[in-house]
Amino acid sequence: MFRIQYDTDVTTWSPAGRLFQVEYAMEAVKQGSAAIGLRSKTHAILACVNKANSELSSHQKKIFKVDEHIGVAIAGLTADGRVLSKYMRSECINYTYSYESDLHVGRLVVQLADKAQVCNQRSWKRPYGVGLLVGGLDESGAHLYYNCPSGTYFEYQAFAIGSRSQAAKTYLERRFENFTDSSRGSLLKDALFALRETLQGEKLTSTNCTVAVVGVGEAFHVLDIETIQGLINEFELAGEEEALAATIDAVADAESAVPEASDAPTDEGAAPMDI
């Protein structure tokens, strides 16, 4: 009853202290195709799943370049994500024109969060129905932020948003302690493995995923299809070799655990020893 009565306006609080339209916007993020991000000291990786509404249509773009040192991956309403990425691009251009230096990633995320929060205070507006993973590089190193429709933001070592993102989060939680000192190749490997977890049985190929990289000495760019497919083939082969090695080790351990038969004769009719 409260949900029907108090969800017609974004500025109306429910008796439980909730803003239902903001929660609806956050639910839209969960319904979008999965996007993940992870970072080390020197690199940040963004990756997303490409989903098409029909076999006859192309997928919508989910990763946008903001500046030479910043990019964004989205999950949720693509139109809102496109508008916000355009706003971020304008802020970077204006800052560079005024100060002749790159805009810090954290400052841009704060400005983005402020813009999203304004929509939660105006009755004639609605919250942006999109979540953004902002990856970038500045003087303090690589950064990864998540910006929520509510106007809050968090910095992460690795994170995943969108549909079936919990499987990717589980993988990232097991591996995140190694990300800080990881190389570019190791980050790409973990990004593809985490992205594969969100597909739930569907085969990961270069046509159903997009991967972008930014790092020291490397401007933000989206990897081409041939490069992504080559990485997938390399990592799948390595995974098969690791699985085969693990199987061989398990068989060897099982064989070594079997006790050897004794050649000494046994006296089955002997009485038990008195204690």
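**Close-up views of a predicted model**

**View 1. Five strands line up in an open sheet.** Here the order across the sheet is S3-S4-S5-S6-S7, and the pairing is antiparallel. Strands, like helices, are DSSP runs numbered from the N terminus (strands are E, at least two residues; helices are H or I, at least four). Two strands pair if DSSP finds at least two bridges between them. At the edges sit strand S3 (63–67) and strand S7 (153–155), each pairing on one side only. On average, neighbouring strands of this sheet are turned by 25° against each other, direction ignored. For angles like this one, axes are lines fitted to C-alpha atoms (for helices, over the stretch in contact), and the angles run from 0 to 180 degrees between N-to-C directions.

A word on the model itself: this is a predicted structure, where local features need pLDDT of at least 70 and side-chain atom pairs count only at pLDDT 80 or more, while totals for chains, interfaces and linings use all residues. Residues are numbered from 1 along each chain as its sequence is written, and side-chain values use heavy atoms, with hydrogens and water left out.

**View 2. Strands S5 and S6 sit side by side.** Zoom in on S5 (residues 130–138) and S6 (residues 141–147), which pair in the antiparallel sense over seven bridges.

View 3. Helix H2 (residues 20–31) lies across S4 (70–76), S5 and S6, and runs at about 100° to S4.

**View 4. Helix H2 gets a length check.** The expected span of a helix is 1.5 Å times one less than its number of residues. With twelve residues, H2 should span 16 Å, and its end C-alpha atoms are 16 Å apart, so the two agree. Phe 20, Gln 21, Val 22, Ala 25 and Val 29 of H2 are buried. Buried means under 20% relative accessible area, exposed means over 50%, and partly exposed is in between (1.4 Å probe, protein chains only).

**View 5. Two loop residues have a positive phi.** Most residues other than glycine have a negative phi. Glu 100, in the loop between H3 and helix H4 (105–118), has a phi near 55°. Glu 100 counts as exposed, because its relative accessibility is 73%. Arg 164, in the loop between strand S8 (158–161) and helix H5 (165–175), also has a phi near 55°. With a relative accessible area of 36%, Arg 164 is partly exposed.

**View 6. Nonpolar side chains gather in cores.** A nonpolar core is a set of buried Ala, Val, Leu, Ile, Met, Phe, Trp, Tyr and Cys residues joined through side-chain atoms within 4.5 Å. The largest one has 29 residues, and Ile 36, Leu 38, Ile 45 and Val 211 touch the most other members. Helix H6 (184–197) is among the elements that give this core two or more residues; H6 supplies the largest share, seven residues. Apart from this core lies another, of 21 residues, among them Leu 84, Cys 92, Tyr 95 and Ala 116.

Note on methods
Contact = heavy atoms within 4.5 Å.
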